[in-house]
Amino acid sequence: DGEVHMNELRNGNTEMFWNPTSEVRRQRLKRHIVLFEEQMDFESERLWQHVTSAINKGDQHKATQEKFVLEEEQRNAARERRESGTEWKPLLFRHDAGTNEWRYKYEDLRPWDPLNDIAQFEKDGILQTMERHLSTRMSNHKATCINNQITRHKRSAKDCRRRKTSDQPSNHSQNTESSCSTPESVQELSDDDGKYLGFESLCAQCGKEINHLKEIHSAVLSLQKAQQDIHR
């Protein structure tokens with residue numbers, strides 16, 4: 001967030017490379033840090049505190065000394081573990097044998113869901129996502145509701161086929177036969193499944209939560225449009 005200059009060594013000219021305006025500074029992401037007294041011994045700010053202090057004071061010799069002391073302690077600790085056969089178990093990373101890389105244990109690679117995800121935060125070194133849980137709860141309840149209706153529909157179709165294969169079909173069974181048919185596919189269902197497949201309408205809770213989600217979605221779209229207008 002400070003000025004950056006480029007110095008041309010051949011002619012001694014200095015050129016402004018970066019000069020953040022007050023508007024640029026206002027757009028900075030808020031920095032979230034763990035309080036120093038709450039950090040564990042191996043967290044960077046606490047671990048490198050003496051090196052950092054020397055650098056801030058402009059004492060390069062002291063910084064080099066502190067860095068050497070720190071690294072020597074780490075070498076000795078590694079040697080002691082090796083001699084005692086103690087395995088080092090990282091708290092937050094795991095080794096991927098396939099790529100020979102260290103990966104964050106709690107990485108979450110799913111796409112951000114603007115209707116359900118509120119914010120991402122760190123707690124005890126673990127990145128977590130704060131969720132509304134509304135869409136998940138609604139989806140589970142809706143799935144249960146639809147599955148129950150599918151079961152009833154299949155049972156009705158089964159009864160219909162039973163009537164169809166009767167030895168002495170009546171006029172009534174023949175009429176029912178034309179009106180009873182099992183859908184070709186019931187795997188992919190939309191919000192209007194009940195209407196298209198002849199099910200009963202979804203329960204009141206499903207309908208209420210679907211309407212709630214639609215309102216949230218409309219509000220998000222409105223905010224996104226306002227942000228785009230502001231950027232323009």
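**Close-up views of a predicted model**

View 1. Gln39 counts as buried, with a relative accessibility of 9%. The value lies below the cut-off of 20% under which a residue is called buried. The model shown here and in the views that follow is predicted. Gln39 belongs to the loop that links helix 1 (22–26) with helix 2 (44–47). With neighbours within four places in sequence set aside, Gln39 is in contact with Val34, Glu45 and Arg46.

**View 2. The whole chain, for orientation.** The protein contains 8 helices and 6 strands. Along the sequence these elements follow the order β-β-α-α-α-α-β-β-β-β-α-α-α-α. Buried residues make up 14% of the 232 residues of the protein. The accessible surface amounts to about 19300 Å², and carbon and sulfur atoms account for 50% of that area. Of the contacts between residues at least 6 apart in sequence, 28% connect residues at least 24 apart.

**View 3. The hairpin of strand 1 and strand 2.** Strand 1 (residues 4–7) and strand 2 (residues 14–18) run antiparallel and are joined by 4 bridges. His5 lies opposite Met16 of strand 2. The two strands form a hairpin with 6 residues between them. Within that turn, Gly12 has a positive phi of about 80 degrees.

**View 4. Packing of helix 3 against helix 4.** A pair of packed helices is described by the angle between the axes and by the distance between them. For helix 3 (residues 49–56) and helix 4 (residues 60–84), the angle is about 170 degrees and the axes are 8 Å apart. Helix 3 is therefore roughly antiparallel to helix 4, since angles over 145 degrees fall in that class. Helix 3 contributes His50, Val51, Ala54 and Ile55 to the contact, while Lys62, Ala63, Glu66 and Lys67 come from helix 4. By residue class, the contact of helix 3 with helix 4 consists of 4 nonpolar, 1 polar and 3 charged residues.

**View 5. Asn100 in the loop between strand 3 and strand 4.** Most residues other than glycine have a negative phi. Asn100, which is not a glycine, has a positive phi, near 60 degrees. Asn100 sits in the loop that connects strand 3 (93–96) to strand 4 (101–104). Its relative accessibility is 57%, and Asn100 counts as exposed. The cut-off for an exposed residue is a relative accessible area over 50%.

**View 6. The hairpin of strand 5 and strand 6.** Strand 5 (residues 117–123) pairs with strand 6 (residues 126–131) in the antiparallel sense, and the pairing spans 6 bridges. The hairpin formed by strand 5 and strand 6 has 2 residues between the strands. In the turn, Asp124 has a positive phi of about 55 degrees.

**View 7. Asp113 in the loop between strand 4 and strand 5.** Asp113 is placed in the loop between strand 4 and strand 5. The relative accessible area of Asp113 is 28%, and the residue is partly exposed. Asp113 and Glu131 are 18 residues apart along the chain, and their C-alpha atoms are separated by 9.1 Å.

Terms used
Residues numbered from 1 in each chain as written. Predicted model: local features only at pLDDT ≥ 70, side-chain atom pairs only at ≥ 80, totals over all residues. Heavy atoms only, no water. Buried < 20%, exposed > 50% of the residue type's maximum accessible area, 1.4 Å probe, protein only. Contact = heavy atoms within 4.5 Å. Areas by Shrake-Rupley, 256 points an atom, 1.4 Å probe, with all protein chains shown as cover. Axes fitted to C-alpha atoms, helices over the stretch in contact; angles between N-to-C directions. Parallel < 35°, antiparallel > 145°, perpendicular 65-115°, else oblique. Nonpolar A, V, L, I, M, F, W, Y, C, P; charged D, E, K, R; others polar. Pairing = 2+ DSSP bridges.
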